[in-house]
Amino acid sequence: MLGCEGMYSLKNKVVFITGASSGIGKALAKELTLLGANLFLCARRIERLEILKQELSSFGTKIIVLACDVTKEDDLDNAAARALKEMGSIDIVIANAGFGVSGNLEDLSLKDYRFQFETNVFGVLRTIYATLEALRKTKGSLVLIGSVAGYVGLPEASAYSMSKFSIHALAQALYHELRPHGITVTQISPGFVESEIRQVDNEGRHHANTKDHTSQYFVMPAQKAARQIVKAIKKRKRVAVITVHGKIVVLFQRHFPWLVDFMISLFSIKNRPEPK
Ligand SMILES: NC(=O)c1ccc[n+]([C@@H]2O[C@H](COP(=O)([O-])OP(=O)(O)OC[C@H]3O[C@@H](n4cnc5c(N)ncnc54)[C@H](OP(=O)(O)O)[C@@H]3O)[C@@H](O)[C@H]2O)c1
């Protein structure tokens, strides 16, 4: 590992990823394996993780998979303890597990907002608490997967946006807090990326038959997004917005917020409906 301005070599590094059973997390697991990293992968659907492990087994890197629910108090502590026991250290933590609650405030309840935060915010905090000591020892990297929704609030996405604005704030504060310990904090904010997220309902259940209505023109292939995320990790970047449309939205929100408001209103842009 080089200094803050240098490039990480990921060969033989231990990477701990939450939410590796589909979408961006799964694509990251594949990309990191190609670069020789050893992986500790968690998600609730262990059968998917087992299949992924099998798929990647020919590369000769070490992969451990574990069923883990980021909303459960002890799951991440157990996962981190197992990772340390079997892999010796943790160099990079990618807090990726997440989903999106959809709906108007009036159609949602406190329960929906709480569940959104349990996964997307407290799940990330649990991941950090469980792995921070290990990252201190390796002077490693903490990667938080936020969203373009952490910069712009859309109608019917208040719960999701609130959770991702929180990740944005957390990443900013931790960047300063952890820097003296040699830990890099990288905030990744994807726009639309190919995954299952738009097929997941407000209770976090996946509906495989739900059609994703997002224009495919805007949706970046998961593997391409993973390559860009890994590049940001290797460069120990502080922030990276993934997808061109995402970069434009973040830039416009910063400099011309009135224009973003105007576009949202003109094109009646809103969040996708909840899959059923
Ligand atoms: N795809 C996009 O367009 C996009 C855009 C911006 C941000 N993001 C962010 O990217 C991250 C990954 O999402 P994705 O798009 O790849 O969606 P995805 O395909 O639905 O993957 C989400 C992952 O999170 C895991 N997960 C969800 N709830 C969990 C829980 N309680 N405990 C443990 N794991 C849990 C899922 O695994 P199990 O169901 O097996 O537990 C799955 O592996 C999320 O934080 C999301 O907000 C995605």
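Start at L41. Leaving aside neighbours within four places in sequence, L41 is in contact (heavy atoms within 4.5 Å) with I17, A20, A29, L49, L52, I63, I64, V65 and L66. This is a predicted model, where local features need pLDDT of at least 70, side-chain atom pairs count only at pLDDT 80 or more, and totals for chains, interfaces and linings use all residues. Residues are numbered from 1 along each chain as its sequence is written, and side-chain values use heavy atoms, leaving out hydrogens and water.

L41 is also among the residues with the most contacts inside the largest nonpolar core, which has 35 residues. Such a core is a set of buried Ala, Val, Leu, Ile, Met, Phe, Trp, Tyr and Cys residues joined through side-chain atoms within 4.5 Å. Buried means under 20% relative accessible area, exposed over 50%, and partly exposed in between (1.4 Å probe, protein chains only). Helix α6 (residues 222-234) gives this core its largest share, seven residues.

Now the strands. Helices (H or I, at least four residues) and strands (E, at least two) are DSSP runs, numbered from the N terminus. Strand β2 (residues 38-43), helix α2 (residues 46-56) and β3 make a β-α-β unit. Four of the five residues of β3 (residues 63-67) are buried, so this strand is largely enclosed by the rest of the structure.

Charged pairs come next. The structure holds 13 salt bridges, each a side-chain nitrogen of Lys or Arg within 4 Å of a carboxyl oxygen of Asp or Glu. One of them joins E196 to R45, with the closest N and O atoms 3.4 Å apart. These partners sit 151 residues apart. E196 counts as buried at 16% relative accessibility, while R45 is partly exposed at 25%.

Definitions and conventions: A crossover is right-handed if, with the strands pointing away from the viewer, the path from the first strand over the helix to the second runs clockwise.
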